[in-house]
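Subject: Structure handover

Hello,

The structure is below, followed by notes on what was found in it. Please read the notes with the coordinates open.

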Amino acid sequence: MFANRGLEIKTPAQIDQMRVSGLLVGRTLELLRDAARPGVTTGDLDRLAETHIRDHGGIPSFKGYSHPPFPATICASVNDEVVHGIPGDRVLQDGDVVSIDCGAIVDGWHGDAAITVPIGDVAAETLELLRVTEESLWRGLAAAHLGGRVSDIGHAIEGYVRTQGHYGILEDYTGHGIGTEMHMAPNVPNYGKRGKGPTLVEGLALAVEPMVTLGSKETDLLEDEWTVATVDGSMAAHFEHTFTLTPAGAWVLTAVDGGAARLAELGAAYGGR
Ligand code: MG
Ligand code: MG
């Protein structure tokens with residue numbers, strides 16, 4: 001257990017507070033999913049998100065983050081952009097997919113989640129990429145058990161993706177611990193052997209976020225110093241949830257139903273309260 005030194009372990013009451021920020025993020029993403037359609041700009045989605053978060057007592061956690069400071073409430077990454085796209089005047093077109101990543105702070109506690117949304121009529125292989133990536137996230141969450149290890153999650157993600165076809169899984173970007181800060185130890189890779197890394201204990205909160213492409217796993221950082229795009233221009237998908245483990249099972253803090261439905265489909269125990 002010494003590998004768990006330096007990890008932020010929350011009390012049940014603090015996890016309950018993280019559920020408040022997680023729900024706000026989850027509900028904001030549902031709003032954005034409904035709003036994302038041909039003709040809408042990524043900046044329109046960003047304004048909707050900021051208004052919704054602030055109206056519900058939250059603070060957008062991405063705004064002003066790092067250097068150069070991220071300028072917006074959401075990351076909006078279109079097509080070959082994988083993560084960290086800056087919203088703006090780009091008009092979503094029929095056939096696009098947009099990854100929307102959203103973070104909020106309520107009373108000092110962070111939530112972080114992402115969805116990738118098809119816009120209009122999207123190619124079948126791209127829709128399949130979205131399905132595989134989202135399912136891999138849930139397989140990863142379902143593989144997490146108290147007393148297990150962090151790498152059990154990435155092992156399940158990679159294992160699922162590899163059975164579904166020839167996809168690229170990003171290795172240069174990972175999930176992360178989360179709580180009083182958005183990005184905390186440990187890293188949560190989306191690949192690897194099981195049984196490695198910190199032990200999964202009650203009170204640990206993790207953001208799990210597979211990033212998968214139709215081609216290469218290699219990426220470039222664009223000139224805006226934020227946007228991460230595939231080197232080969234292939235389409236990418238990104239799904240993310242913040243979750244924790246209680247004695248009863250997994251509790252997906254950024255899923256509106258706490259993850260109950262998807263965990264049940266996978267035969268995994270639901271630990272929400
Ligand atoms: Mg995120
Ligand atoms: Mg994250």
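A residue counts as buried under 20% relative accessible area, as exposed over 50%, and as partly exposed in between (1.4 Å probe, protein chains only). By that scale Asp107 is exposed, at 65% relative accessible area.

This is a predicted model, in which local features need pLDDT of at least 70 and side-chain atom pairs count only at pLDDT 80 or more, while totals for chains, interfaces and linings use all residues. Residues are numbered from 1 along each chain as its sequence is written, chains are lettered from A and ligands numbered from 1 in the order in which they are written, and side-chain values use heavy atoms, with hydrogens and water left out.

Metal sites

Donors here are N, O and S atoms within 2.8 Å of the metal (3.2 Å for Na, K and Ca); water is not among the atoms, so sites may look incomplete. Helices (H or I, at least four residues) and strands (E, at least two) are DSSP runs, numbered from the N terminus.

Distant parts of the chain are linked by the pair Asp112, in strand β5, and Glu240, in the loop between β13 (236-238) and β14, which are 128 residues apart. Glu240 is buried, with a relative accessible area of 0%.

The magnesium ion (ligand 2) is coordinated by Asp112 (OD), His176 (NE2), Glu209 (OE) and Glu240 (OE), at 2.1 to 2.3 Å. The sequence spacing of its donor residues is D-x63-H-x32-E-x30-E. Asp112 lies in strand β5 (residues 109-118) and His176 in strand β7 (residues 175-177), so this pair ties together parts that are 64 residues apart in sequence. Asp112 is buried at 2% relative accessible area, and His176 is buried at 4%. The two magnesium ions, ligand 1 and ligand 2, lie 3.1 Å apart, with Asp112 bridging them.

The β8 to β15 sheet

Two strands pair if DSSP finds at least two bridges between them. An open sheet of 5 strands runs in the order β8-β7-β9-β14-β15, with antiparallel pairing. Its edge strands, β8 (184-188) and β15 (249-252), each pair on one side only. Axes are lines fitted to C-alpha atoms, for helices over the stretch in contact, and angles run from 0 to 180 degrees between N-to-C directions. Neighbouring strands of this sheet are turned by 30 degrees against each other on average, direction ignored.

β7 and β9 pair over 2 bridges, with Leu206 in β9 as the bridge partner of Gly177. β9 and β14 are joined by 4 bridges, and Ala205 has Thr244 in β14 as its bridge partner. Strand β14 (residues 241-246) also pairs with β15 over 4 bridges, where Thr244 stands opposite Trp251.

In a regular strand the side chains alternate between the two faces of the sheet. Both faces of β9 are covered: Ala205 and Ala207 on one side, and Leu206 and Val208 on the other, are all buried. Helix α3 (residues 124-142) lies across β9 (205-208), β14 and β15, at about 20 degrees to β14.

Helices α1 and α2

The axes of helix α1 (residues 12-35) and helix α2 (residues 42-55) come within 10 Å and cross at roughly 150 degrees. Contact means heavy atoms within 4.5 Å. On the α1 side the contact involves Leu24, Arg27, Thr28, Leu31, Leu32 and Ala35, which meet Leu45, Leu48, Ala49, His52 and Ile53 in α2.

Backbone details

Two cis peptide bonds may be worth a look. One joins His67 and Pro68, with omega about -10 degrees; Pro68 is in the loop between β1 (59-60) and β2 (74-78). Another runs from Ala185 to Pro186, with omega near -5 degrees, and Pro186 is in strand β8.

Positive phi values in residues other than glycine occur at His84, near 70 degrees, and at Asp107, near 50 degrees. His84 is in the loop between β3 (81-83) and β4 (97-106) and is partly exposed at 24%. Asp107 is in the loop between β4 and β5.

Regards
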